[in-house]
Amino acid sequence: MLNLNSTHTIRGLVACVAGLCLVQAQAQERIYRCGNEYTNNAEVAKSRGCKLMEGGNITIIQGPAPQRTVAPSAPRSSSAPARNGNTRTDSTEQRARDSDARAILENELRRAEARLVEARNAYANGKPEKEGIESRNYQRYLDRVAELKAAVARAESDVTSIRNELNRHSGSGAPSGSAAK
């Protein structure tokens, strides 16, 4: 048996469900893709030749806007001319840059050779002294020896790479101030 209050409640629920269905139908409009843009306006889509998107849901995430670089209002007051792709570097300026690059590479070579000497001393031809617990745990000793060997290999590779770069940079043989080993 239904009383009057429950009949009104049922009618109210039916009306709410019908209203939700209408809202759901309106929310599922057709979506058109126009290049990298999307629209749900059919007239705009027809005029621009957009394609109807079918299938699953579409999620669009707005990316950050590209930052605009502001050109300085006052011209630069530097003695060097503005550089662009068409300007050539002055030969004296280029020689100075080459000299600076060579000095940097020679400094790096000295440091890499020092690291190589340290790595070789620590490796001790594959027989470094055992440290602490390594006398009781031989596997730990073997692991450390393997790490030392890898460090020597890396240091040798660094030295070789820097020497090759120096040779490429200068076009000559061995770099000045360092002896080849």
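Select Ser135 and Gly132 first: a polar atom of the Ser135 side chain sits 3.4 Å from the backbone oxygen of Gly132. Keep in mind as you click around that this is a predicted model. Ser135 belongs to the loop between helix 3 and helix 4. Is Ser135 buried or exposed? Colour by accessibility and you'll find Ser135 exposed, because its relative accessible area is 54%, and exposed means over 50%.

From that loop, move on to the helices. Show helix 3 (91-123) and helix 4 (138-170), which each supply at least two residues of the largest nonpolar core. That core has 14 residues, and helix 4 gives the most to it, with eight.

Now zoom in on Leu116. Skip its neighbours within four places in sequence, and the contacts to look for are Val152, Ala155, Glu156 and Val159.

Last stop: Thr39, in strand 2 (residues 37-39). Thr39 has a relative accessibility of 16%, so it counts as buried; the cut-off for that is under 20%. What does Thr39 touch, not counting residues up to four places away in sequence? Select Arg30, Ile31, Tyr32, Cys34 and Ala45 to see those partners.

Notes:
Residues are numbered from 1 along each chain as its sequence is written. This is a predicted model: local features need pLDDT of at least 70, side-chain atom pairs count only at pLDDT 80 or more; totals for chains, interfaces and linings use all residues. Side-chain values use heavy atoms; hydrogens and water are left out. A nonpolar core is a set of buried Ala, Val, Leu, Ile, Met, Phe, Trp, Tyr and Cys residues joined through side-chain atoms within 4.5 Å. Buried means under 20% relative accessible area, exposed over 50%, partly exposed in between (1.4 Å probe, protein chains only). Helices (H or I, at least four residues) and strands (E, at least two) are DSSP runs, numbered from the N terminus. Contact means heavy atoms within 4.5 Å. A polar contact is a pair of N or O atoms within 3.5 Å; within protein, one must be able to donate a hydrogen and the other to accept it, and residues adjacent in sequence count only if both atoms are side-chain atoms.
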